[in-house]
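Please read the report below alongside the sequence and the coordinates. It takes up the fold, the confidence, the packing and the contacts in turn.

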Amino acid sequence: MSTRNLTTLLSLVALAACTGVMQTTSSKPPALGTPVGAAEIARWDISIPPSGAGLPAGSGSARQGQQVYEQKCLACHGAKGAGKPADALAGGVGTLASKTPVRTVGSYWPYATTLFDYVRRAMPINNPLSLTSDEVYAVTAYVLALNGIIGEDAVMNAQSLPQVKMPNRDGFVSDWPPRER
Amino acid sequence: MDEKSDGRRRFLAQGAALAGGTAFAALSPPGAAQEIAGQPWERVYGAPFTGYGQPSKFEAPVIRHIGRPYGDLAPGSGAALSPIESLEGIITPSSLHNIRSHSGTPDIDPKEHRLLIHGLVARPLMFTVDSLLSYPMTTRTHFIECSGNSSRATTPQPAQVPAGAIHGNAACSEWTGVPLRVLLEEAGVDASAKWLLAEGADSAHMSRSIPIEKAFDDALVALYQNGERLRPEQGYPVRLFLPGWEGNMSVKWLRRIKATDGPTHTKDETSKYTDPLPDGRSLQFTFEMGVKSVITRPSSTMTLPRPGLYEITGLAWSGAGRIQKVEVSTDGGATWTAATLLGEERPKSFVRFRLPWEWSGKPAVLQSRATDEKGRVQPPRKEWTARYSPDMRYHNNSIVSWAVGADGKVTHVYA
């Protein structure tokens, strides 16, 4: 800071001390967010709740999804979702109350919409956001069919996916609001 | 630093090194340099300034305990645990803070990063990082603990690893940022909004649902950690911070908050971060981290060199608020003594406890038991284990036991 600037600053501080002009009693924070339009929001909003609200256009069946799976998922999730090195995606139904529970999409996940949401936002791990909506629907259908939850030719789309009832749909107890511990 | 002053500094350093060596030796009587006590580093000019400080090279063994469940396939997925056995006080150095990441650490350009707030709001808004930095700031000291911390204490046999490798998926920092409620009020949250969906800009787009009550209570949109801007692995340039709640809800690299009428049931609040019960059902949305403590010294893999006086010390914390007391037992829980506390006035913060202990040389089992201001008491391990399915890995706040052998060796035991 130059001497001249420093002098100016000191004068201002002195002025402020005398008159209080640099202080404010307002606690209103600055409103610095900028308005966003619906089209822009649509590019960002990728979360899909159980109602299926926000599911995109497109569709796919398990038969179509098998190709996507074998190309982009099998290396980590194993043949037919058997797992290793990454999580198993199929099997385990009926094991949850046992001493060795097997928690997969089929045995544990309560909503099929979560599968679509997660595949679209995070998979494949080395190239997320790369699958088309048709591919996400198809690979979702493939994993659901591996678990026998839908048939191989059932078509998953914005209407049918939220209708899928997962085997462990009623297996969760909400702890919010919190119970006493 | 400009080139000129850098050059001048180097010149001084070289000159001093020369002066400390041959030049002065020639002028001084033989043996004179030995008369005044002084180590070799007292006889040479010291290292120049550095722009960003590093610890002593002799502290190189103090590093995070890194766990990579997927190996080289996904080297940034997993956790790096804080070496709490080597640390003191209540603030975790940022470089040794625990890390839990789902798809590695993204390399985010703060000029390009945006935070979108939308959903059930009157005015959907986009924020730049610069704009967030212009709001009045709030600073608070809080712990953050991964819900899966201490999962290594759920294995059939007690792991013989340092305390931090089991219980170090927690850390405590001073966090500075904008209260989330300020941004939500600017957007005008609708009365019908009961939850928020928070989403990160990592390649997992890690997302969690958060009750709106928490957002209007003590949630921060954090920009600084321990006085400096967030570290990349802690969410640079902006993260959510939900004091006392399971760590991954404090979404790092925050890019979007959507006000919703219900929870979104994301992958990390259904398939993971749910607490399996013995009957096959699972608890969902168990947000608050329980009251907990762990003795950090002496602890597993250490050795007491001789009988005599030691200080038992460790950390305690509670997601419900302040720590009220920490008791220490040296006889496996038969008798308890209240320890001295440091930092207990801070809610949802690490508290340091200390208790002097005269070790007789006979075998001992060291335990600590914390109680918080809500009257909640850290449970014995058996009691905690009985509540859940055998594969429960989250929210383990049970009492930790370290056995001291007659040889002074400290081991991890289940007691």
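## Chain A and the basis of the model

From the N terminus on, the elements of chain A follow the order α-β-α-β-α-α-α-α-β-β, where helices (H or I, at least four residues) and strands (E, at least two) are DSSP runs numbered from the N terminus. Chain A has six helices and four strands. This is a predicted model, in which local features need pLDDT of at least 70 and side-chain atom pairs count only at pLDDT 80 or more, while totals for chains, interfaces and linings use all residues. Residues are numbered from 1 along each chain as its sequence is written, and chains are lettered from A and ligands numbered from 1 in the order in which they are written.

Buried residues make up 34% of the 181 residues in chain A; a residue is buried if 20 or more other C-beta atoms, placed from the backbone, lie within 10 Å of its own. Among contacts in chain A between residues at least 6 apart in sequence, 59% join residues at least 24 apart, two residues being in contact if their C-beta atoms, placed from the backbone, lie within 7 Å.

## Confidence

The predictor gives the complex an ipTM of 0.89 and a pTM of 0.90. Chain B averages a pLDDT of 93, and 92% of its residues score at least 70, on a scale of the predictor's confidence in each residue that runs from 0 to 100. Over residues 1-26 of chain B, however, the pLDDT is below 50, and this stretch has twelve contacts in the model beyond near neighbours in sequence. Where pLDDT is low, the predicted coordinates should not be read in detail.

## Nonpolar cores and buried helices

A nonpolar core is a set of buried Ala, Val, Leu, Ile, Met, Phe, Trp, Tyr and Cys residues joined through C-beta atoms within 7 Å. The largest has 80 residues, and those with the most contacts inside it are Val139(A), Ala141(A), Tyr142(A) and Val221(B). Helix α6 (residues 133-146) of chain A gives the most to this core, with ten residues. Apart from it lies another core, of 42 residues, which includes Ala320(B), Val328(B), Val351(B) and Val410(B).

Not counting residues up to four places away in sequence, Ala141(A) touches Gly60(A), Ser61(A), Ala62(A), Gly65(A), Ile150(A), Ala154(A) and Met156(A). In helix α5 (residues 112-122) of chain A, eleven of the eleven residues are buried, including Leu115(A), Phe116(A), Asp117(A) and Arg120(A). The buried residues of α5(A) pack against α6 of chain A.

## Contacts between the chains

On the two sides of the interface, 53 residues of chain B are in contact with 41 residues of chain A. Elements that each supply at least two residues of the side of chain B include β4 (114-119), β5 (125-128), α4 (180-187) and β13 (254-260) of chain B. By class, this side has 21 nonpolar, 21 polar and eleven charged residues, with Ala, Val, Leu, Ile, Met, Phe, Trp, Tyr, Cys and Pro counted as nonpolar, Asp, Glu, Lys and Arg as charged, and the others, Gly among them, as polar.

Two bridges join strand β1 (residues 34-35) of chain A to β5(B), and the two strands run antiparallel; strands pair if DSSP finds at least two bridges between them. The bridge partner of Pro35(A) in β5(B) is Leu125(B).

Key:
Buried ≥ 20, exposed ≤ 12 C-beta atoms within 10 Å, placed from the backbone.
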